[in-house]
Amino acid sequence: MEHLRAVNDMVVRFANVNGTGSASANNMFAKSIFRMGIPVAPKNIFPSNIQGLPTWYEVRVSEKGYLGRRDGIDLMVCVNPQSLAQDVASVQPGGYFVYDNTKKLHPEFVRDDIHYIGIPMTEMCNHHFSEPRQRQLFKNVVYVGALAALLNIEWEVLTGIIRDQFKKAEKLIAPNIKALELGRQYIHDHFAYPLDIRVERRDLVGDSVLIDGNTAAGLGALYGGATVAAWYPITPSTSVVNAFEKYAHQLRTDPETGRRKFAIIQAEDELAAMGMVMGATWNGARAFTATSGPGVSLMSEFLGLAYFAEIPVVLVNVQRGGPSTGMPTRTQQADLLLAAYASHGDTRQVLLFPSSPKECFDHTAAAFDLADRLQTPIIVMTDLDLGMNDHMSPPFHWDDLRAYDRGKVLDAEALENIQQFGRYLDTDGDGICYRTLPGTHPTKGSFFTRGTSKDEYARYTEDGAAYTRNVDRLIKKWETTKKYLPPPELFQESHHHAQGLLFFGTTAYPALESMDLMQEEGIGFDAIRLTAFPFNETVDAFIRDHEQVFVIEQNRDGQMRNLLINELGVNPQKLVSVLNYDGKPISANVIKNQIVGRFQAVG
Amino acid sequence: MWGCGHDSISAAIVQACYEQSVEPHRLAKLSGIGCSSKTPTYFLSNSHGFNSVHGRMPSIATGASLANRELIYLGVSGDGDSASIGMGQFVHVIRRNVNMVYIVMNNGCYGLTKGQNSATADVNAASKSGSANLYPTIDLVGLALELGATFVARSFSGDKTQLVPLIKAAMAHPGFAFIDVVSPCVTFNNKPTSTKSYDYVREHQEATSSIDFVPSRDEIVIDYREGDSTVVELHDGSALHLHKLAPHWDPRDRASAVNRLLTAKAKGEVLTGLLYIDPGSQDMHELEQTVFQPLNTLQGKDLCPGAGALGKIMAGFR
């Protein structure tokens, strides 16, 4: 029988039952390889359920540093009888199937083109541990110990992770290491090891961290100076606020009084969450919320008010599969049009597209400056894949000399020197007007914030000319916006390819990998990674300078393509959609196959 | 329009602020959508105002209060704004005990859209277009009491003597102070049979008490009239002197307030005055244990943990 052979290049998948404590063991597995200096890309594939349904975790190990999902399972660890048939079928020919053979495997699950490694996990745990919960939990640790032997994971690295993890619960260290040893010993006694797929220490991760995008965004909000977080729980965004809360308690609590330099309010719904954010920012605090598509739908009413009344807002949208309730625990980039034009009337919203946890941190922190500077909502568009999975990322940095940009706010002294304050007067000619905060000056600077049409002095008016002046100024501000946003990233040494790739967010990892794959077949591309909306001149030029641009995104309707056509007036023929919308993160092979297929169809 | 109840309430707000020497710029006016919500345009022009979206003023007020605990927040809403489209937010702003005055100018109808019945309209009341209200009336006062509001009052736009001290007391109350003010709509809902009309309220008003609001700095010189009187001390040393008109009732006893309200309703009376107050009220900032300094005045050095802390956090992810 064929044996897969690979060093530091494989996909290992774990099939577990939701709620059985497998997550920490699986994380330990990924982290051990990461600590051996080898790039890893873990992904959770979990149900919208509390306990009992199948859940998977897969880890791509890639010496080349490819962090996108790869199709094909090289080694499957199956401890869930419910999904057995599917799990057996998903292993590549020549691959390995590790399972709990306490109960004999039914012949229908036996393939003759994969290798079976049976370990009596239940029996071993029942024999060595007495507490029922421990018996269940340590089954997970047993298979990690077995994988250490099978894949050649360094023992000191694994035990080191356990020591770190239970630093505050030392009595758990010994039984965890014992469970690891049980698994390792069983392999030593019964199988040839290591396998032909294995890992070897490298020095490829440098000072990188392994962190999820939601934690990064929560930290970004803390560093960006948010004092108010108002939110409503929704998968997959909840952990953004959880992270903010955790670090705010640690770092923003007055050590003497125990009082907090922040407030976190779990609102009654997403409408109220956005209202609280706007009440706080209108009153001069930095505030944010995090949600997902269904929440953005509800917040659209307030997003229109924020756009029109010019109130800063920071919103982290961790996108999931839509429409409606859709696939709450699967990933998509399908809220682009909803977010870009959120609310009725002529509205436009500023979007940021982070591609890595570092960018989740940087963009979220920057969003507070941008919101204050531009006096409008800034929507950070991440997704479930980026938000809820750990990603290898450069570490986050903060420059202690960096000061917050609070934008154009007049204090009492500035008001003293002004003849007549006009909230919507374009004094500087950039479309951005000066605002005042309540309570600033006894007789100057007060005005009425409203969602109705108004003149330069914030007075209600239905005069067509005044209305037009105001909405045209908002377009001027929209143009000004472009120079404040992070620039797109170009991947082209010179303009020598006729074809270009365009991508953003989590599509970046597999898109860059697909470029390598196609280059191996002699097909070269230039590429651009978008980081923000509105699009700037570089985006326009990139599309102009290429005959054809493949727009790679994770939704059915080619929403980014539509946005580009709508905003830049691009000839639709020029933009070809490359799409994946089944809820799984897009892979390099999917991209390559669609693009190459397109060439073959044309050629 | 002459006689619009909302106008009288606006005047009462101005008088209360004047008598309390409230600096207009230390007060923020917040509203939603509707006739009532438009009124803040017409008073206290040196105060910032925020005319938000329909039924969502409570969330704006909550955020504003979080950002700066030192201003006075005056929310002005209507029966459509609070009892229908904004019911969810009304309920939850009470629950959070946001430190604000929340006035509902209650006329039982939608004035801006030509007088449709609202959720506080009387059963069988005919709207201007002629269709009758088939559904039970929502009593916001009863609801607020039930939800645990720490200051609940009802008044009448035509009774400034009662309304002004109520607003002053509401401003001094450390928490959510709710005043439901019956405010006849002379255009759409002032038929004598309507419980929101001038004639009906004047005929059927039953006050729990008359009130004197005594700021802490004032010497207390009250001319007590006959009957019981109760003194309620507020957190800042000011006091409410309630000259009780209604028997079997204690303003600090929620159950007796609910009881009294239901009895009045059964008799077709409009019960007005301060119905309930919790002198031990703890507002949202106390519950959230925020610092005393307003959050909107904290600077980068207070807020940003810096590069060193970030480096330590990063080390935990390797």
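Guide: We can go from the overall build of one chain to the contact between chains, and then to a few single residues.

Guide: Please keep in mind throughout that this is a predicted model.

Visitor: Okay, chain A to begin with. How many helices and strands does the secondary structure of chain A come to?

Guide: The secondary structure of chain A amounts to 19 helices and 23 strands. Along its principal axes, the C-alpha trace of this chain spans about 90 × 70 × 40 Å.

Visitor: Let's look at where the chains meet. How many residues does the contact take from chain A and from chain B?

Guide: The contact takes 55 residues from chain A and 48 residues from chain B. On the side of chain B that touches chain A, at least two residues each come from β2 (48-51), α3 (57-67), α5 (87-96), α11 (300-303) and α12 (306-315) of chain B.

Visitor: Which of those gives the most?

Guide: That is α3(B), which gives eight residues to the side of chain B that touches chain A.

Visitor: You mentioned β2(B). Which strand of chain A is joined to β2(B), and how many bridges join them?

Guide: Strand β17 of chain A, residues 448-450, is joined to β2(B) by three bridges, and the two run parallel. Within this pairing, Phe448(A) has Gly49(B) in β2(B) as its bridge partner.

Visitor: What sheet do those two strands belong to?

Guide: They belong to an open sheet of nine strands with mixed pairing, in the order β17(A)-β2(B)-β1(B)-β3(B)-β4(B)-β8(B)-β7(B)-β13(B)-β9(B). At the edges stand β17 of chain A and β9 (205-207) of chain B, each with a single partner strand, so one side of each is left without a neighbour in the sheet. From one strand to the next, the twist averages 20°.

Visitor: How do β1 and β3 of chain B pair?

Guide: Strand β1 (residues 27-31) and strand β3 (residues 72-78) of chain B pair in the parallel sense, over five bridges. Leu27(B) stands opposite Ile72(B) in β3(B).

Visitor: Back to the helices for a moment. At what angle do α3(B) and α5(B) pack?

Guide: Their angle is about 30°, with the axes of α3(B) and α5(B) 8 Å apart. An angle under 35 degrees counts as roughly parallel, and α3(B) and α5(B) are therefore roughly parallel to each other.

Visitor: Which residues meet there?

Guide: From α3(B) come Pro58(B), Ser59(B), Ala61(B) and Thr62(B), and these meet Gln89(B), Phe90(B), His92(B), Val93(B) and Arg96(B) in α5(B). The residues of this contact divide into four nonpolar, four polar and one charged.

Visitor: New topic: where is Ala257(B), and is it buried or exposed?

Guide: Ala257(B) lies in helix α9 of chain B, residues 254-266. Ala257(B) counts as buried because it has 23 C-beta neighbours inside 10 Å. Leaving aside neighbours within four places in sequence, Ala257(B) is in contact with Leu145(B), Val152(B), Leu275(B) and Tyr276(B).

Visitor: What about phi of Ser21(B)?

Guide: Phi of Ser21(B) is near 55°, a positive value in a residue other than glycine. Ser21(B) sits in the loop between α1 (5-19) and β1 of chain B, and it is exposed, with 8 other C-beta atoms within 10 Å.

Methods. Residues are numbered from 1 along each chain as its sequence is written. Chains are lettered from A and ligands numbered from 1 in the order in which they are written. This is a predicted model: local features need pLDDT of at least 70, side-chain atom pairs count only at pLDDT 80 or more; totals for chains, interfaces and linings use all residues. Two residues are in contact if their C-beta atoms, placed from the backbone, lie within 7 Å. Helices (H or I, at least four residues) and strands (E, at least two) are DSSP runs, numbered from the N terminus. Two strands pair if DSSP finds at least two bridges between them. Axes are lines fitted to C-alpha atoms, for helices over the stretch in contact, and angles run from 0 to 180 degrees between N-to-C directions. Angles under 35 degrees count as roughly parallel, over 145 as roughly antiparallel, 65 to 115 as roughly perpendicular and the rest as oblique. Ala, Val, Leu, Ile, Met, Phe, Trp, Tyr, Cys and Pro count as nonpolar, Asp, Glu, Lys and Arg as charged, and the others, Gly among them, as polar. A residue is buried if 20 or more other C-beta atoms lie within 10 Å of its own, exposed if 12 or fewer, and partly exposed in between; C-beta atoms are placed from the backbone.
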